[in-house]
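Open the model in your viewer and keep the selection panel at hand. The stops below each say what to select and what is there.

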Amino acid sequence: MNIKKNVLLLLFVVSLINCDKLFAATLEVGVGQTYTTIQSAITAATSGDIINVHSGTYTETVTITKPLIVQRNTGDSPIISGNVVITTGIDQVIVDGFTITGGSGAGVYVRNSNRITIKNNTIY
């Protein structure tokens, strides 16, 4: 009986560790979507949410201030005309699948943050 209780307790603890992924919301950005700018979706999001960006040119500086996944919608090719800034002390951010152009300097700035993934982007 003790083994059964220990196994159940272990499963419960493991589920709590991974529960942030279970409750992540997906916020849609684009023409005809809930949000028309990437930044407005980021502002509305809570930590761990997914910002799903549809095709279009988004002329804005995207400032990420919390742990998020900012990704292109499957099959779409969104363009960020501006910079992407990941602010100081933010962990666990993914930026995936964009063309980033027209910004000043590097295009993507990461300031004293950890576990940041920038992948499948074209930056010029």
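Start by selecting T26 and I50: in β2, I50 is the bridge partner of T26. Helices (H or I, at least four residues) and strands (E, at least two) are DSSP runs, numbered from the N terminus.

Before moving on, note that this is a predicted model, in which local features need pLDDT of at least 70 and side-chain atom pairs count only at pLDDT 80 or more, while totals for chains, interfaces and linings use all residues. Residues are numbered from 1 along each chain as its sequence is written, and side-chain values use heavy atoms, with hydrogens and water left out.

**The sheet**

Two strands count as paired if DSSP finds at least two bridges between them. Strands of a sheet pair through backbone hydrogen bonds, either parallel or antiparallel.

Now show the whole sheet. It is open and has five strands in the order β1-β2-β5-β8-β11, with parallel pairing. At the edges are β1 (26-29) and β11 (114-119), each of which pairs on one side only. From one strand to the next the twist averages 15 degrees; axes here are lines fitted to C-alpha atoms, for helices over the stretch in contact, and angles run from 0 to 180 degrees between N-to-C directions.

**R115 and D91**

Select R115, in strand β11. What does R115 form with D91? The two form a salt bridge, and their closest N and O atoms are 3.6 Å apart. The term requires a side-chain nitrogen of Lys or Arg within 4 Å of a carboxyl oxygen of Asp or Glu, and by this rule the count comes to one. D91 lies in strand β8 (residues 91-96), 24 residues from R115, so the pair links distant parts of the chain.

R115 is exposed at 56% relative accessible area, whereas D91 is partly exposed at 24%. Buried means under 20%, exposed over 50%, and partly exposed in between (1.4 Å probe, protein chains only). Check the backbone of R115 too: its phi is near 50 degrees, a positive value in a residue other than glycine.

**N120**

Next select N120, in the loop between β11 and β12. Phi of N120 is near 55 degrees, again positive in a residue other than glycine. N120 is exposed, with a relative accessible area of 60%.

**I123**

Finish at I123 in strand β12 (residues 122-123), which is partly exposed at 39% relative accessibility.
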